[in-house]
Amino acid sequence: MKTALMTLALLLAGTAFAHGPDGDKHEETSAVGSGGLARLPDGSVQVPKLAQRRMAIRTVLAAESEAAATLQLPGRVIADPNASGQVQSAHGGRIEAGPRGLPLPGQKVQAGEVLAWVRHHAEPYAYAAQQAQRSELQAARLLAESRLKRLESLEGTVPRKDIEAARVELASLAAREKGVAESISAREALRAPISGVVARSELKVGAIVESRELLVEVVDPARWIIEATSTDAALASRIAGARLAEPGGAELQVLGAARVLRDGVLPINFRIRSKADAALSQGQSVGVIVQLSDKRKGVRLPSAAVVRGTANEAVVWVKTGAERYRPAPVQTQPLDDSTVLVTQGLAAGQRVVIQGAALVAQIR
């Protein structure tokens, strides 16, 4: 009799453990995956307390505040025209190495430094004409030298003005011969236009280059210009501040906007206030966050609090219970490289996940 009663008690205990005191509710809980993490049919997720600690989830109460309206504009890095220069050949020819060899990208140069030489070459007909002219001038110079020697030997019997005229004629012929000889073997010095860094070089020893061909570009990386574009022609007058849209983005100073549209957009130029030359390169695409004079209300949150939902929409995770979180679609605008302003979709007083939101979004 005692054995039967004990067996019945164990069966009842087993049934209670399997179904729980409220039957179906415990069945739903038992369907939760490993560790109790699960995404529920309404889109919310269940995260047990132990899992919350392991995922280092942190939340804050949303508080409404006012901040300057911001926009993110596409931009690119360009060289300051007052701190950059191009090296070109005026006539073209064959490249020869300079005193320090050919310049390499990244090499520092000084203004006026000879980077390379261009040995000019003429067409065969022009070269032959120059050689013939040189020979004629050489013969005329030799005759003038002989005539001057004869006149100098007869000094006192011939007028002095004839001797002086012969000397002048000889000097003129010698200068003309020298000029023609130098033109035959002339070379052009390619000099650095500014002090800076070689951005690119197309020089190779022995290469034939044409006139006006871009051979070397020298820039000063401490004076980059950021060129952003916008379709709003009046945007420049409303900008109160700007910075690069990257971690630790440098502050920018507005230089002004163009007055002519280019491909349907208006270029706006900024100068970098802080030294960020090591992280930027000419032609690099960057984002520019501009702060406007307009004010907007919303909730300030760290950028990490905003993640992508199942429909690739921007969402934040709101804590609705001790172990329950639900996604809330929001509209945001960046304030700086690490903060955003939620303008729609979030009310003050709601508890928002600011750390671990990406891990919560991965729960399936």
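## Confidence and overall make-up

The chain averages a pLDDT of 83, and 88% of the residues score at least 70; pLDDT is the predictor's confidence in each residue, on a scale from 0 to 100. This is a predicted model, in which local features need pLDDT of at least 70 and side-chain atom pairs count only at pLDDT 80 or more, while totals for chains, interfaces and linings use all residues. Residues are numbered from 1 along each chain as its sequence is written, and side-chain values use heavy atoms, with hydrogens and water left out. One stretch to treat separately is residues 1–34, where pLDDT stays under 50 and the model has 10 contacts beyond four places in sequence (a contact means heavy atoms within 4.5 Å).

The chain holds 6 helices and 23 strands. These are DSSP runs numbered from the N terminus, with helices being H or I over at least four residues and strands being E over at least two. Of the contacts in the chain with a separation of 6 or more, 72% are between residues 24 or more positions apart. Buried residues make up 35% of the 364 residues; here buried means under 20% relative accessible area, exposed means over 50%, and partly exposed lies in between, with a 1.4 Å probe and protein chains only.

Strands of a sheet pair through backbone hydrogen bonds, either parallel or antiparallel. In this report, two strands pair if DSSP finds at least two bridges between them.

Strand 6 (residues 93–97) is joined to strand 11 (residues 208–209) by 2 bridges, and the two run antiparallel. Strand 6 is also joined to strand 8 (residues 114–119), again antiparallel, by 4 bridges. Ala-97 has Ala-116 as its bridge partner in strand 8.

## Arg-187 and its surroundings

What does the side chain of Arg-187 meet in a salt bridge? The partner is Glu-96, at 3.3 Å from N to O. Arg-187 belongs to strand 9 and Glu-96 to strand 6, so this pair ties together parts that are 91 residues apart in sequence. Both residues are partly exposed: Arg-187 at 39% relative accessibility and Glu-96 at 22%.

The charged end of Arg-187 also sits over the ring of Trp-117, 3.9 Å from the ring centre. A charge sits over a ring if NZ of Lys or CZ of Arg is within 6 Å of the ring centre and within 35 degrees of the ring normal.

## The sheet 5-12-10-7

Another open sheet of 4 strands has the order 5-12-10-7, with antiparallel pairing. Strand 5 and strand 7 (108–109) stand at its edges with a single partner strand each, so one side of each is left without a neighbour in the sheet. Inside this order, strand 10 (residues 196–201) pairs with strand 12 over 4 bridges in the antiparallel sense. Val-198 stands opposite Val-218 in strand 12.

## Salt bridges across the chain

A salt bridge here is a side-chain nitrogen of Lys or Arg within 4 Å of a carboxyl oxygen of Asp or Glu, and by this rule the count comes to 16. One of them joins the side chains of Asp-80 and Arg-223 at 3.6 Å, N to O. Asp-80 lies in the loop between strand 4 (64–79) and strand 5 (84–88), and Arg-223 in the loop between strand 12 (214–219) and strand 13 (224–230), so the pair ties together parts that are 143 residues apart in sequence. Asp-80 is buried at 3% relative accessibility, whereas Arg-223 is partly exposed at 34%.

The side chains of Glu-227 and Arg-262 form another salt bridge, at 2.7 Å from N to O. Glu-227 lies in strand 13 and Arg-262 in the loop between strand 15 (251–257) and strand 16 (266–272), so this pair links parts 35 residues apart in sequence. Glu-227 is buried, with a relative accessible area of 8%, while Arg-262 is partly exposed at 36%. Finally, Glu-152, Arg-160, Glu-164 and Arg-167 are linked in a network of salt bridges.
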